[in-house]
Each structure stands twice: as C-alpha cells, then as structure tokens.
Amino acid sequence: MSKLFPALYDIAMKPLEKTRFEKVRANLVRKAQGRVLEIGFGTGANFPYYRDVERVDAIEPNPEMSKHAAKRIKKAHVPIYTYEAEAEELPFEKNSFDTIVATLVFCTIPYPIKALEEIKRASKPGGKVLFFEHVKVDQEAIGKTQEVLTPVWKKLCDGCHLDRDTLELVKRSGLKVEKVTSYYGGLFLTIECRNPE
Ligand SMILES: C[S@@+](CC[C@H](N)C(=O)[O-])C[C@H]1O[C@@H](n2cnc3c(N)ncnc32)[C@H](O)[C@@H]1O
C-alpha cells in the first residue's frame with residue numbers, strides 16, 4: 001500500500017482552503033441530517049463541516065489515509081465512528097442512514113456500481129445521498145484527454161480515474177437525482193439525490 005499519496009493528500013489540498021472549492025465541500029456536507037454515513041473519508045476533510053447531525057459513521061479502506069484523520073475526529077462537533085471497510089461491502093444493516101455523503105471518492109472506488117447498490121441498501125427510504133465528485137467532462141476533446149491521462153493518473157493518485165462518468169452511474173443506480181450543480185467547467189459536480197425505495 002503506497003504511503004506517498006496519503007502523506008501528500010492534505011498538503012495538496014491545503015491551497016484549496018478558503019477557496020470556492022472548500023466552500024462547495026462545506027455547503028454540501030452541511031446538508032447532511034440525522035444518522036450519517038460517509039464513504040471513503042480519507043483524511044477526514046469533511047469532518048469539520050458536520051453540525052446538526054446525530055452521528056457520523058465513516059468508512060475508509062486505507063489505514064494510511066485514515067491515520068491522518070485523528071485530529072479532525074477529535075475536533076469534530078459531532079460524534080464520529082470510523083470503520084476500515086470498502087464501499088462495495090458496507091458493514092451496516094439495510095435502511096440505516098438518513099444521509100450518505102461521498103466526496104472525491106467515486107473516482108477511486110474500483111467497483112462503483114456495486115458501491116451504489118450498497119449505498120441504496122444502507123440508506124433509509126427517502127434518505128439523502130450527497131456527492132461531490134470530479135467527473136469526465138461532457139466535451140469531446142477534454143473527455144478524450146481525460147481518458148488518455150487516466151492510466152498514468154491512476155498510478156500516481158492511488159487508483160483515481162479522471163474519466164469516470166459518475167453522474168451517469170448515479171442516474172443508472174436508481175437513486176433519484178434532485179439537483180446537479182457544475183463547477184470549474186463541469187470538471188466537478190455536486191449531485192444531490194434521494195433514495196426512492
Ligand atoms: C481522493 S481521496 C478522498 C478522500 C475524502 N473523501 C475527501 O473528500 O477528501 C479518495 C478516497 O477513497 C478511498 N477509497 C478507495 N477505494 C475505496 C472503496 N472501495 N471504498 C471506499 N473508499 C475507497 C481512498 O482510500 C481515499 O481515501
């Protein structure tokens with residue numbers, strides 16, 4: 001397991017603090033309510049932004065990432081319980097969560113369709129599912145460039161796919177997409193959904 005990406009992640013994200021990027025993240029996370037599940041919490045970048053929630057259960061498969069989250073867990077405004085687990089096999093009963101949050105993670109999950117099935121299973125009927133993801137841009141030349149760069153990018157960035165069409169995968173999963181907002185020319189999207197079942 002590479003230690004370089006986890007060690008550099010917070011350093012690379014630091015310049016984004018106080019920028020529009022961080023505001024998008026914070027505003028989305030603040031929409032979480034009730035019992036919350038976070039998918040692939042990494043170094044816990046979202047943890048400071050949870051406010052009016054009952055508790056957060058947060059999964060992350062890579063201990064090299066999660067070890068950097070300790071400070072943010074301590075400082076969080078809400079109780080945070082962490083688990084070493086993968087999105088494709090969530091260690092929770094069905095209909096457990098009022099809100100499920102995934103940020104910058106669907107680019108990396110190896111089996112995103114399975115992960116979305118698990119999210120639907122773990123979400124309560126009518127529960128919110130909130131994504132903030134970078135995606136394949138809906139413009140031919142840029143999309144093609146993302147496809148070409150992905151094999152190298154995956155090696156450098158711990159399995160991250162630049163060319164993942166997460167919105168399409170979410171639509172096909174059966175989650176009800178309620179709002180999509182595009183940032184940075186469509187490179188980043190927030191996708192706000194409900195579990196209809
Ligand atoms: C780019 S980081 C994002 C971390 C954090 N969500 C954020 O917004 O800063 C991607 C994370 O997805 C995690 N990940 C990779 N495969 C996963 C899987 N199958 N299930 C859940 N998380 C996974 C990685 O270990 C990593 O921590």
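A pocket is an open set of points on a 1 Å grid over the protein atoms alone, with protein on both sides within 12 Å along at least five of seven lines; its lining residues have an atom within 4 Å of a point. A molecule sits in a pocket if more than half of its atoms lie within 2 Å of its grid points. In this predicted model, local features need pLDDT of at least 70 and side-chain atom pairs count only at pLDDT 80 or more, whereas totals for chains, interfaces and linings use all residues. Residues are numbered from 1 along each chain as its sequence is written, and side-chain values use heavy atoms, with hydrogens and water left out.

The ligand sits in the largest pocket, which holds about 1100 Å³ of space. Its lining comprises 45 residues, with Phe5, Leu104, Thr108, Cys157 and Asp158 nearest the centre. Helix H1 (4-13), helix H2 (20-29), strand S1 (34-39) and helix H6 (140-156) each give two or more residues to this lining. The largest share, six residues, comes from H1.

Around the ligand are 19 residues (a heavy atom within 4 Å), of which Tyr9, Gly40, Glu60, Glu88 and Thr103 come nearest. The table lists polar contacts, which are pairs of N or O atoms within 3.5 Å.

| Protein atom | Ligand atom | Distance |
|---|---|---|
| Tyr9, polar side-chain atom | oxygen | 2.7 Å |
| Arg25, polar side-chain atom | oxygen | 2.8 Å |
| Gly40, backbone N or O atom | nitrogen | 2.8 Å |

Taken alone, the ligand exposes 590 Å², and the protein buries 94% of that (Shrake-Rupley method, 1.4 Å probe).

Terms used. A polar contact is a pair of N or O atoms within 3.5 Å; within protein, one must be able to donate a hydrogen and the other to accept it, and residues adjacent in sequence count only if both atoms are side-chain atoms. On a 1 Å grid over the protein atoms alone, a cavity is a set of points where a 1.4 Å probe fits but cannot get out, and a pocket is an open set with protein on both sides within 12 Å along at least five of seven lines; lining residues have an atom within 4 Å of a point. Grid points are joined across faces, edges and corners, and a volume is the space filled by probe spheres set on the points. Helices (H or I, at least four residues) and strands (E, at least two) are DSSP runs, numbered from the N terminus.
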